[in-house]
Structure formats: C-alpha cells, structure tokens
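Please walk through this protein with the sequence and the 3D view side by side.

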Amino acid sequence: MSKYGVMVMGPAGAGKSTFCASLITHLQLNRRSAFYVNLDPAAETFEHAPDLDIKDLISLEDVMEEMHLGPNGGLIYCFEFLMENLDFLTEALDSLTEEYLIIFDMPGQIELYTHIPILPTLVRFLTQPGALDIRLCAAYLLEATFVVDRAKYFAGTLSAMSAMVLLEVPHINILSKMDLVKGQMRKKDFKRFITPDTTLLDDDPVDIARRKAGENIDNQSLDVQDKDALMSGATFKRLNTAVAQLIESFSMVSYLKLDCTDEDSVQAILSYIDDCIQYHEAQEPRELADEEVEEE
Ligand SMILES: Nc1nc2c(ncn2[C@@H]2O[C@H](COP(=O)(O)OP(=O)(O)OP(=O)(O)O)[C@@H](O)[C@H]2O)c(=O)[nH]1
Ligand SMILES: [Mg+2]
C-alpha cells in the first residue's frame with residue numbers, strides 16, 4: 001500500500017510551518033486526512049498539534065545542554081540521532097493508509113539541505129519500495145520578498161536547485177508570503193520572477209539606486225578591506241551573474257506563488273502536490289457519511 005507525503009523545506013522563516021498549518025486546515029475543510037510530522041526539534045508552537053513530533057524522540061534544548069553544542073550543531077546531532085532511530089518514523093507511519101497526506105515540516109537551517117547527506121538518506125528511507133514506500137514530493141519555499149534584492153533571490157534559487165538535485169524526488173518551488181508583495185508590485189512585473197533568468201539582473205533596484213547616486217559600479221575596484229565594495233561591487237556583480245547563468249543553464253527551477261491567507265492559493269498548491277505524487281489515482285471512491293449526505 002502506497003502512502004503519500006509532502007516534505008516542506010526552505011530557509012529559516014520562509015513560512016514552512018505556516019504553510020503546513022494552512023494546508024492541514026484546507027485538507028480538513030475538504031474532508032481529507034492529514035498526518036502532520038514535525039521534524040524541527042526547535043519548534044515550540046503549532047497551529048495544529050503534530051501527530052508525530054521529533055521532540056518526543058530528542059529535543060534540541062537537551063542536546064545543546066548535554067552535548068555543549070550550538071543550535072546548528074545541535075540540529076545536526078538531532079538528525080543523526082533520528083537516522084539511528086528510524087523506527088520512530090516507521091512505527092508511526094507504517095499503518096497510515098493511502099487516504100492520508102503526510103506532511104513533514106522541516107527545520108530551516110540551510111546546512112541541512114546543502115552540507116550534509118542526511119536529507120537524501122532520510123528521503124531514500126521514506127520512499128523505499130517495500131518499506132514505508134511513501135510517494136513523496138518536496139516543496140521548497142522561498143520568501144517572495146526576496147525578489148527585490150536580486151542577489152538574495154538568486155542565492156535562494158540556487159539553494160532550491162541544490163535541494164532538487166540532491167533529493168531526486170518530485171519537487172515544487174514556491175514563492176511564499178505573496179500577500180506581502182501584492183500591493184508593492186504589479187502582477188506583470190512579478191511574472192518575470194516565476195522563471196529565473198539572467199535578464200533579471202539588468203534592472204536590479206540596488207544597482208539602479210547606486211547608479212543614480214553617481215557610483216560607477218562596473219569598474220569598482222575590489223578592496224578587501226572595504227566590506228561594502230565586497231558585497232556590492234563589480235566582483236559581487238560578476239558572482240551574481242555567474243550564479244544566474246548557472247541557474248539558467250540548468251533550467252530546472254520555476255516557481256508557484258503562495259498566499260497562505262488565500263484559500264484558493266493553498267488549493268492551487270495542493271493540486272500541484274497531488275499531481276506530483278499522483279494522489280488521486282490511488283483513492284477508492286468514498287461513500288458519504290449520513291450527515292454529509294444531508295449537507296449535500
Ligand atoms: N504576511 C505573511 N506572513 C507570513 C506568511 N507565512 C508566514 N508568515 C510569517 O513569517 C514568519 C515565519 O513563519 P513560519 O511559518 O514560522 O516560518 P518557518 O519557515 O516555519 O520558520 P522556521 O521553522 O523557523 O525556519 C511568521 O512570523 C509568520 O507569521 C504569509 O503567507 N504571509
Ligand atoms: Mg517552522
């Protein structure tokens with residue numbers, strides 16, 4: 001029996017837990033079953049209580065105290081511990097039917113997605129045929145407000161691409177918190193950011209503002225003592241161009257837009273997730289309960 005799941009990932013504060021909560025609310029409203037797995041050992045408050053919480057296995061606070069580690073080292077330790085105790089996941093998830101959408105809420109530390117091979121191992125374990133056999137889709141969130149700073153936008157896109165390459169499961173990329181840019185930017189202008197390409201660097205507002213201020217940013221010499229020059233001078237610009245070209249040449253990343261305050265937007269993302277994992281193909285026709293018949 002297959003199971004279905006989505007792993008919600010992305011940098012710190014991208015809106016992962018908020019999206020998980022909106023998704024669960026939406027699934028409940030549509031009489032679908034969700035199983036919420038919190039894999040962030042530092043998460044304290046939840047809109048919906050997790051059905052499975054890594055904190056019941058190991059808590060970041062205890063690890064930091066007992067192992068004398070900082071928050072990032074502590075997180076890696078927690079995940080290494082989880083990998084040694086995978087029964088914790090198997091026992092809770094094994095009995096779930098294909099009706100459920102299993103939602104994994106991940107921590108935001110970028111190291112987890114780039115530096116260490118823990119996530120690919122975890123994903124392989126969850127998706128392994130004959131074992132848990134979860135049809136898993138990765139949802140990588142990036143804040144839509146990043147688009148105002150092209151360097152940030154391309155760096156975020158690069159991390160999304162790196163997760164795509166690393167995990168090798170169906171993957172959707174999402175620009176979250178769209179409500180924050182709606183009033184600031186016209187729809188037509190925002191459309192350009194859906195598929196990243198190098199032309200987006202041509203009108204970087206940061207560059208334009210500096211040109212207006214009379215700076216010659218193309219020929220700025222690099223003085224390593226000058227932190228400003230290091231982050232916004234010609235070398236930084238060349239680096240951004242190289243990153244943008246790399247992203248364009250791979251042509252793997254495009255974004256969906258998410259506004260968690262808008263039910264239709266959450267539904268649209270859910271439809272993409274369902275398509276990716278072919279959720280609907282496995283569902284049995286469902287008989288309505290008596291009270292549902294009355295409602296209809
Ligand atoms: N305006 C707006 N704010 C949002 C949205 N989603 C999340 N936020 C806010 O962004 C902040 C971070 O949201 P979280 O959902 O905790 O983000 P996260 O990615 O789970 O954060 P970490 O788990 O710490 O990495 C909170 O203050 C949320 O209220 C959104 O769609 N619109
Ligand atoms: Mg969170």
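**From a covered strand to the ligand**

Strand E6 is covered on both of its faces: His171, Asn173 and Leu175 are buried on one side, and Ile172, Ile174 and Ser176 are buried on the other. The model is a predicted one. In a regular strand, side chains alternate between the two faces of the sheet. Burial takes in 6 of the 6 residues of E6, so this strand is largely enclosed by the rest of the structure.

The neighbours of E6 come next. Strand E5, residues 134–143, pairs with E6, residues 171–176, in the parallel sense over 6 bridges. Within this pairing, Leu142 has Leu175 of E6 as its bridge partner. E6 also pairs with E7, again in the parallel sense, over 3 bridges. Here Asn173 has Tyr255 in E7 as its bridge partner.

These pairings belong to a wider arrangement. The sheet is open and has 7 strands in the order E3-E2-E4-E1-E5-E6-E7, with parallel pairing. Strand E3 (52–53) and strand E7 (255–257) are at the edges with a single partner strand each, so one side of each has no neighbour in the sheet.

E4 pairs with E1 in the parallel sense over 5 bridges, and Tyr4 stands opposite Leu101 in E4. E4 is also joined to E2 by 6 bridges, the two strands running parallel. In E4, Tyr100 has Ser33 standing opposite.

Helices lie across the strands. Helix H7 (residues 150–167) lies across E1, E5 and E6, and runs at about 170 degrees to E5. Together, E5, H7 and E6 make a right-handed β-α-β unit. Helix H1 lies across strand E1 (3–9), strand E2 (33–38), strand E4 (100–105), E5 and E6. The direction of H1 is at about 165 degrees to E4.

Which residues come nearest to ligand 1? Of the 17 residues around ligand 1, they are Gly15, Lys16, Ser17, Thr18 and Gly108. Helix H1 (16–29) and helix H8 (179–182) are the elements that give two or more residues to this shell. H1 gives the most, with 3 residues. By residue type, the shell around ligand 1 divides into 5 nonpolar, 7 polar and 5 charged.

Of the 296 residues in the protein, 32% are buried. Among contacts between residues at least 6 apart in sequence, 73% join residues at least 24 apart.

Notes
Residues numbered from 1 in each chain as written. Chains lettered and ligands numbered in written order. Predicted model: local features only at pLDDT ≥ 70, side-chain atom pairs only at ≥ 80, totals over all residues. Near = placed C-beta within 6 Å. Helix = DSSP H or I, 4+ residues; strand = E, 2+ residues; numbered from the N terminus. Nonpolar A, V, L, I, M, F, W, Y, C, P; charged D, E, K, R; others polar. Pairing = 2+ DSSP bridges. Contact = placed C-beta atoms within 7 Å. Axes fitted to C-alpha atoms, helices over the stretch in contact; angles between N-to-C directions. Buried ≥ 20, exposed ≤ 12 C-beta atoms within 10 Å, placed from the backbone. Right-handed = clockwise from strand over helix to strand, strands pointing away.
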